[in-house]
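Me: Hello! I am new to this structure and would like to learn how to read its features. Could you take me through them step by step?

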Amino acid sequence: MRKEIYKIKCPKHIIFGDPQYFEEFKGAELKRLTVDYKPSEYFDTARLVLQEQPNQEFPDYMERSITLYLAPRQTMETYLKGMIFTSQKVAQKNIGVDTARYYFNVDGRDDEIKTEGDGWWGYFEEYYRQNGKDRISDAVVLTVAIPEDYDFDGMKQLAGYFFGDMQPDIPQKQKKKDTPAR
């Protein structure tokens, strides 16, 4: 398994889904099938996790994904560790394609990615809490599966195109350990 984490600038607008859905559907059905998300200003930090690992059923096949995390700075590490707070609820939707391609757009940088197959190509999760009738969004996680014809470096280039400047995120413990003694 290979995993790299990057600091990126918080995107302002993300669109993801089968291009045909954007042409054929409107309203609630389009919202159910795709992602058209404008992050809250409350989210002051973003991370990208690029990951590849062998498929459990087909070890010769390498699964690759780009996962975007949006959250306030003080809680980002919690979400990166795959945890949420006990007071939070999760809203999740799978993002599928029926035309063997998906459209991805981050702040106007867009492309249509050929997947070579239909099915689930991503998922969108929102971690939130209720305050009376108000729903307060605490974090968003978007995972996009990357087609097999991209190797890890190709996936990294794709991420760089969509998200711009990517700085390696080195955990604080590792930074301290790597700092030479004086």
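Me: In what order do the seven strands of the open sheet come?

Reply: Strands of a sheet pair through backbone hydrogen bonds, either parallel or antiparallel. Here seven strands make an open sheet with antiparallel pairing, in the order S6-S9-S10-S5-S4-S1-S11. Strands (E, at least two residues) and helices (H or I, at least four) are DSSP runs numbered from the N terminus, and two strands pair if DSSP finds at least two bridges between them. S6 (89-97) and S11 (167-168) are at the edges with a single partner strand each, so one side of each has no neighbour in the sheet. The model is predicted: local features need pLDDT of at least 70, side-chain atom pairs count only at pLDDT 80 or more, and totals for chains, interfaces and linings use all residues. Residues are numbered from 1 along each chain as its sequence is written, and side-chain values use heavy atoms, leaving out hydrogens and water.

Me: How many bridges join S1 to S4?

Reply: Seven bridges join S1 (residues 2-8) to S4 (residues 45-54), and the two run antiparallel. Ile8 stands opposite Ala46 in S4. Helix H4 packs on this sheet, touching S1, S4, S5 (62-71) and S10, and its direction makes about 160 degrees with that of S4. Contact means heavy atoms within 4.5 Å; axes are lines fitted to C-alpha atoms, for helices over the stretch in contact, with angles from 0 to 180 degrees between N-to-C directions.

Me: What is the order of the sheet of four strands?

Reply: That open sheet runs S3-S2-S7-S8, with antiparallel pairing. S3 (35-37) and S8 (109-114) are the edge strands, each pairing on one side only. From one strand to the next, the twist averages 10 degrees. H4 packs on this sheet as well, touching S7 and S8, at about 145 degrees to the direction of S8.

Me: Which residues line the largest cavity?

Reply: A cavity is a set of points on a 1 Å grid over the protein atoms alone where a 1.4 Å probe fits but cannot get out; lining residues have an atom within 4 Å of a point. The lining here consists of Ile66, Tyr102, Phe104, Ile113, Val144, Ile146, Leu158, Phe162 and Phe163. H4 gives the most, with three residues.

Me: Which classes make up that lining?

Reply: It has nine nonpolar, no polar and no charged residues. Ala, Val, Leu, Ile, Met, Phe, Trp, Tyr, Cys and Pro count as nonpolar, Asp, Glu, Lys and Arg as charged, and the others, Gly among them, as polar.

Technical notes
On a 1 Å grid over the protein atoms alone, a cavity is a set of points where a 1.4 Å probe fits but cannot get out, and a pocket is an open set with protein on both sides within 12 Å along at least five of seven lines; lining residues have an atom within 4 Å of a point.
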